[in-house]
Amino acid sequence: MQIVHAGLGVPAQRGAAGLRCYTPARPAPRSRASRAARPGRSRWTIARPLPLIGLLLGAVVGGVALAGGLTRKGSPPPPVDPVAAAPVTAPPPPPAPALFSQPLPLHIDKVPEGLASISSQACTACHGGTHGAWEQSAHANAWNDADFQAAMARVGNATACRACHLPLTNQHAKLAAANHNNQIDRPELLPNPSWDPTLMREGVSCAACHVRDGLVIGPRAAPGAPHPVAASAELHSSELCATCHQLSWPEAKSAFYDTFGEWGRSAYAKSGVQCQDCHMPPKPTGSIGGRFAAEPDHSFAVPLEHGLSLYLSMPAAELQRGAPFAVSVRVLNSGAGHMIPTGSPYKVLVVHLELVGADGKVIDPGSSVRVGRTVTDAPPWDTVTDNRLAPGAELSLAHSFVVPQKLAAQTASLRVRVDRELVGGASGPKTVLTRAWPLPLL
Ligand code: HEC
Ligand code: HEC
Ligand code: HEC
Ligand code: HEC
Ligand code: HEC
């Protein structure tokens, strides 16, 4: 298959390539203040009763002072220690550079002071819990992933595919230096002297989101850290994720990856719920030296049942064996801030409504529906069909079943089973959600 090389990694051609990755409109998209003001997220709920407590304390202290003043009348005020009175000033934290000011892949050449390298392994000793969660994640396996490698092979190891799966230049054995005969779809690849195979294995590594200009970029200032930390509001924003989770190929009429766009059109975006709120909830960690018992979950995974609600409707409170009965199930996107499924257009969910026995074996396969997109099989892979579930949207699956006469009471169930598959992927379908309702048999 011939693919349009986007010329990623070729600074001179970036504009001409026409690849519409997401570029933030503002460098620091959300202010920390506005985020803190979000309902349910505020860490300052205690601040509200404070003025009242302050007033009461003031009255009590004032009363005591008045009483004390009466007995100690005429005594001079205690001497003021000039050293103790001097205000304690911490050095101002360094300003945070924008995380994705350049198109991917990014060049990082400065290792923050106090760190052995920018490899994720250099973080394990102190951020063990965070590292453990990340290690199991799709991000850590963005390069190793068998499905990714299979897809890469199909498109002739296209340079354009590497930009987000290997976001740092040191992860690339070869880099696009110039374009062959000035054709933007055929970048000339030259060996990269700063290629680091260790870092390549790490896919979307810690450094991709946390290291810039010799600084570790964190969600807040951390003066106790053994490495310089710059606080950045960008880490709290959906725009951070959009860098890689939003993509349109040149001349495309529809986005190829549209997770950020889907979120942007949803009620979640309007009420300020960011990707991180659902994908990085605080989890207890084993981190050494941390001031916090919990840190944002770096597995980034959210189970499908947090996104899908299943409502079954049964025709009667009691069912007769041998007699047909019609059931339906509503499948509702009640908890994902984007389409279900989102991301790759080759990702499909197959929802089955089936009749199963006590042993879980299928008695009647019932009916099923494929939920996903289809795209053209050549660049720019425009969307052809799309029956995915937008936030708040639902589909309904109905079937008429008959429970065989020979089955004993309470031994049959209706089951909804959701399988996930990647069209052309290295592995077959995988069951990601099941829910069963025992049948009220007479
Ligand atoms: C020798 C121990 C050590 C190593 C190694 C280390 N860190 Fe840290 N890091 C800390 C400590 C301690 C803090 C401060 C934690 C606090 O104040 O709660 C910190 C803070 C941070 C923060 C900011 C936390 C915040 O609250 O904003 C980030 C992000 C971070 N580290 C990332 C990294 C990354 C990425 C690496 C590897 C490239 C790394 N660290 C390596 C000890 C370490
Ligand atoms: C703009 C950044 C970007 C570019 C460029 C990109 N990808 Fe991806 N890729 C992603 C993101 C983000 C995901 C995860 C989204 C999802 O869940 O489907 C992903 C997921 C995938 C998956 C699915 C992995 C899985 O297990 O679900 C495959 C396969 C894949 N990409 C192949 C490719 C190929 C082949 C190319 C080049 C034609 C490419 N990617 C270019 C960002 C990118
Ligand atoms: C895909 C981007 C991404 C990757 C990869 C990533 N992080 Fe983070 N990290 C974040 C974001 C976003 C936050 C802030 C989340 C929030 O507060 O909403 C964060 C927060 C943190 C914090 C601050 C915790 C706190 O409560 O102050 C530490 C420490 C940290 N990350 C370390 C790491 C380490 C170590 C790795 C690699 C093992 C890593 N991160 C990989 C995006 C990433
Ligand atoms: C530097 C690029 C990059 C950034 C930034 C990034 N991601 Fe990803 N993300 C990827 C790639 C590439 C994959 C697909 C890995 C694979 O399976 O091949 C992925 C996969 C995922 C997956 C799992 C998808 C699956 O199919 O299992 C989730 C969830 C996810 N990202 C959420 C986020 C969130 C939330 C943020 C922002 C805090 C974020 N990502 C920031 C590149 C990125
Ligand atoms: C309201 C909560 C919520 C918000 C906000 C949200 N997500 Fe999700 N996300 C989910 C749920 C629930 C799922 C599981 C559904 C699924 O797997 O299809 C999911 C799935 C995903 C997946 C696919 C994982 C997989 O295994 O296929 C990716 C990629 C992803 N989210 C990225 C993002 C990004 C990027 C943003 C911000 C632009 C975001 N999400 C915002 C709840 C949310």
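Ala 293 lies in the loop that joins strand S9 (282–284) to strand S10 (294–296), where helices (H or I, at least four residues) and strands (E, at least two) are DSSP runs numbered from the N terminus. The model is a predicted one, in which local features need pLDDT of at least 70 and side-chain atom pairs count only at pLDDT 80 or more, whereas totals for chains, interfaces and linings use all residues. Residues are numbered from 1 along each chain as its sequence is written, and chains are lettered from A and ligands numbered from 1 in the order in which they are written. Ala 293 counts as exposed because it has 10 C-beta neighbours inside 10 Å; a residue is exposed if 12 or fewer other C-beta atoms, placed from the backbone, lie within 10 Å of its own, buried if 20 or more do, and partly exposed in between. Between Ala 293 and Pro 282, which are 11 residues apart in sequence, the C-alpha to C-alpha distance is 9.0 Å.

The buried residues of H6 are Thr 130, His 131, Ala 133 and Trp 134. These residues cover an arc of only 165° around the axis, which puts them on the same side of H6, the arc being that of the directions from the helix axis to the C-beta atoms.

Around ligand 4 there are 21 residues, of which Ala 138, Pro 167, Cys 241, Cys 244 and Cys 275 come nearest; a residue is near a molecule if its C-beta atom, placed from the backbone, lies within 6 Å of it. The largest share of this shell, five residues, is supplied by helix H11 (238–245). Around ligand 5 there are 25 residues, with Trp 263, Cys 275, Cys 278, Gly 307 and Gly 337 coming nearest, and helix H14 (275–279) gives the most to that shell, with four residues.

An open sheet of three strands has the order S11-S12-S17 with antiparallel pairing, two strands being paired if DSSP finds at least two bridges between them. Strand S11 (308–313) and strand S17 (394–402) stand at the edges, each with a single partner strand, so one side of each is left without a neighbour in the sheet. Strand S12 (residues 324–333) pairs with S17 over nine bridges, and the bridge partner of Val 327 in S17 is His 399.
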